[in-house]
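Q: I have a model open and would like to go through its surface and overall form. Could we begin with the surface?

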Amino acid sequence: MRTTINLDEDLADTLKETAHREGRAFTAVVNDALRSGLAARGLQPRPRRYRIESSDLGVAEGVNLDRALGLGDTLEETAIADKLTLRK
C-alpha cells in the first residue's frame, strides 16, 4: 500500500542511515520499525483464525475402515522391516 507520512528530520535521517548500513530498502526499514513499535505496545493485529470446512466422504454402508487402516499399518511395518534388513 502506498501512503504519505511526514517524518521528523532526525527520524528520517536515522531510517535512511539504517537502510544504507544494512543494505536494505528504506521502505523495509520503516515497515520493520513500525511493526516492532506496534508489537511493543501490544497493538499488532491478531492473526486471522484458521478454519477448515469438513466434508462427508460418503463411505458406503458396510465398509469397514478398520481393516483398511490395519492393512496400511501392515504395509508400513513391512516396508520398515525391509529397509532394516537391507542395511545389514
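Q: Which residues form a nonpolar patch on the surface?
A: Ile 5, Leu 7, Leu 11 and Phe 26 form it, with about 330 Å² of accessible area together. Patch members have over 30% relative accessible area and no salt bridge, and nonpolar side chains (Val, Leu, Ile, Met, Phe, Trp, Tyr) are joined within 5 Å. A salt bridge is a side-chain nitrogen of Lys or Arg within 4 Å of a carboxyl oxygen of Asp or Glu. Areas come from the Shrake-Rupley method with a 1.4 Å probe, and for residues only the protein chains shown count as cover.

Q: What should I bear in mind about the source?
A: This is a predicted model: local features need pLDDT of at least 70, side-chain atom pairs count only at pLDDT 80 or more, and totals for chains, interfaces and linings use all residues. Residues are numbered from 1 along each chain as its sequence is written, and side-chain values use heavy atoms, leaving out hydrogens and water.

Q: Where does Phe 26 lie?
A: Phe 26 lies in helix H2, residues 26–41. Helices are DSSP runs (H or I, at least four residues), as are strands (E, at least two), numbered from the N terminus.

Q: How many helices and strands has the chain?
A: The chain has 3 helices and 0 strands.

Q: What about its overall dimensions?
A: The C-alpha atoms fill a box of roughly 75 × 45 × 25 Å along the principal axes.

Q: And the total accessible surface?
A: It comes to about 9100 Å², of which 52% belongs to carbon and sulfur atoms.

Methods: Patch = residues over 30% accessible without salt bridge, like charges linked within 9 Å, V, L, I, M, F, W, Y side chains within 5 Å.
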